[in-house]
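Hi,

Here is the model I promised to pass on.

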Amino acid sequence: MNVLLISIDSLRRDFLSAYQETPDIVDYEVETKNLDRFAQRATIYDTNYAGSLPCIPARREWLAGVQEFLWRSWGPIEPFDETIPRLTREQDIVTQLVTDHYHYFQHGARGYFEDFSGFDFVRGHEYDAWKTAPIESDQEFLDQINARSPESQRFLNRAVYARNVEEFDDHTDFFSAKVFSSAADWIEENRDWDQWFTYVDSFDVHEPFHCPEPYASMYTDEDPTDVDLPVWPYYGRVNEGQSELSECELDFVRSQFAGKVTMVDEQFGKVLDRLDKEELWNETMVIVTSDHGYFLGDHGWIGKNDPPVYDVLARTPLMIWHPDSEREGEHVDALTSAVDLYPTILEAFDVEVPAHTHGQSHLPVDWVTATTTATGHSTATGERRST
Amino acid sequence: MPLIECCLNNVSADTRAAIANSDEQVRETICLDRCGECYDQSFLVVDGELRTGKSHRNILQSLDVDDQEAEI
């Protein structure tokens, strides 16, 4: 068995046709033909929730099976954690991380990539400490991303992003294109291994919502390069302070988010195509999920972190294909959580699940009745089949 | 009345109490994404605009001066 775990950061479930036709906050459909294509063969989990927010804590849930909220904040893999790549390597399963998620390589987040047999790090997203020239990027773009003081060497300077993308030309230079191409190539080049675990962690759809064409103009009639239209809004209330957005600005931000969703979807399709080409579906479990959503004016908020944890943030997409599943394209209403992926993946590899994990396995192969649930979750109904 | 936004990482407990007891409209957040300024100096965001100074008291006093000049 192989397992391919794909995270698409900040992907709102309501933007996926598998969950609903039109997102909550726009009146147009957002094209996600490849995620739809995957949903047709996958089990679709309707009640899946984040456990620990945002970003890195979700990764510890997936990779180490620890639901760390409220015990710990954003931080490293702990010395006592038994990560999936470490446990699977002990069974001679080759493991690979493909990501542009630069947080793995920053202060305070050690331990996430080190256990993998190999990793590919696509450079340059958001604040990734990559390019240092030119000192002054295009001023209009700096304004559009709310970058101040390009000369400052303090951390979290938005001008870093402008430098990182200075030489980008078309959409193939952008991050999701590189991440999913790398993943697709890895799958083809490594198909001779008996078993593999590949974790593809796409930083997109995460802001900055800086879209190349054709995606930038796909859902708006505005000029995407208009200096007065932000692609990297501040977090906060949309009706006051530095995060205030006019109706036009908010519509534009939404359109760029939607454009990014479609862009990522097209790149994700490369992986599906490669699984088709290599005829790997019968020996590969594929999981598609996200760490959290993103407020786009919902409840009066933009961003994340500050607002109460409404469903738009915490109710996340989860779709799983398992070769033995009897539930192609079916929706499951059982309550599941991010941390459940840890035992689910280990069980798929027939690797013993550490007893201390907070997760409950929910292999789709277990879901054989109309209404089922993972054990231990009180709000779900039905029974889980014993195997 | 201006909206003052302050980052909880940038204000002391005393300053926080003083701002809260002022007549200003205040919003506190865990991060205002102004980390460079936050590391270097005292700052507040007033009606969306960054205001820096030697201390939060100085920034607030400068707002009073602005208000007085506006009235003149």
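Let me start with Ile345(A): leaving aside neighbours within four places in sequence, Ile345(A) is in contact with Val3(A), Leu5(A) and Ile84(A). By contact I mean that the C-beta atoms of two residues, placed from the backbone, lie within 7 Å. Apart from the core that holds Ile345(A) there is another one of 8 residues, including Cys6(B), Leu32(B), Phe43(B) and Ile59(B).

Some housekeeping before the rest. This is a predicted model, in which local features need pLDDT of at least 70 and side-chain atom pairs count only at pLDDT 80 or more, while totals for chains, interfaces and linings use all residues. Residues are numbered from 1 along each chain as its sequence is written, and chains are lettered from A and ligands numbered from 1 in the order in which they are written.

**The cores**

Ile345(A) sits in the largest nonpolar core, which has 105 residues. Ile345(A) is listed there among the residues with the most contacts inside the core, together with Ala183(A), Val261(A), Ile287(A), Met319(A) and Tyr342(A). Helix H7 (residues 247–277) of chain A supplies the largest share of this core, 10 residues. For the terms: a nonpolar core is a set of buried Ala, Val, Leu, Ile, Met, Phe, Trp, Tyr and Cys residues joined through C-beta atoms within 7 Å. A residue is buried if 20 or more other C-beta atoms lie within 10 Å of its own, exposed if 12 or fewer, and partly exposed in between, with the C-beta atoms placed from the backbone. Helices (H or I, at least four residues) and strands (E, at least two) are DSSP runs, numbered from the N terminus.

**Chain A**

Chain A has 9 helices and 11 strands. Its C-alpha trace spans about 60 × 45 × 40 Å along the principal axes. The radius of gyration is 20 Å, which agrees with the value near 21 Å that a compact globule of 387 residues would have; the radius is taken over C-alpha atoms, and the globule rule is 2.2 Å times the number of residues to the power 0.38. Of the 387 residues, 52% are buried. Among contacts with a separation of 6 or more, 68% are between residues 24 or more positions apart.

There is an open sheet of 3 strands in chain A, in the order S6-S9-S8, with antiparallel pairing. Strands S6 (236–237) and S8 (295–296) of chain A are at the edges with a single partner strand each, so one side of each has no neighbour in the sheet. Pairing here asks for at least two DSSP bridges between two strands. S6(A) and strand S9 (residues 301–303) of chain A have 2 bridges, and Arg237(A) has Trp301(A) in S9(A) as its bridge partner.

Two loop positions are worth a click. Asp340(A) lies in the loop between strand S11 (331–337) and helix H9 (341–348) of chain A. Asp340(A) is buried because 29 other C-beta atoms lie within 10 Å. Thr132(A), in the loop between strand S4 (118–121) and helix H4 (139–144) of chain A, is exposed, with 10 other C-beta atoms within 10 Å. From Thr132(A) to Arg163(A) it is 31 residues in sequence and 6.7 Å in space, C-alpha to C-alpha.

**Chain B**

The elements of chain B run β-α-β-α-β-β-α from the N terminus on, giving 3 helices and 4 strands.

S3(B) and strand S4 (residues 49–53) of chain B run antiparallel and are joined by 5 bridges. Phe43(B) has Thr52(B) in S4(B) as its bridge partner. The hairpin of these two strands has 2 residues between them, and Asp47(B) takes a positive phi near 50° there.

**Interface and confidence**

In the interface, 15 residues of chain A are in contact with 14 residues of chain B. The chain A side has 4 nonpolar, 7 polar and 4 charged residues (Ala, Val, Leu, Ile, Met, Phe, Trp, Tyr, Cys and Pro count as nonpolar, Asp, Glu, Lys and Arg as charged, and the others, Gly among them, as polar).

The predictor gives the complex an ipTM of 0.89 and a pTM of 0.93. Mean pLDDT (the predictor's confidence in each residue, from 0 to 100) is 87 for chain B, with 92% of its residues at 70 or more. Within chain B, confidence is lowest in helix H3 (residues 56–71), at a mean of 78, and highest in strand S3 (residues 42–46), at 94.

Cheers
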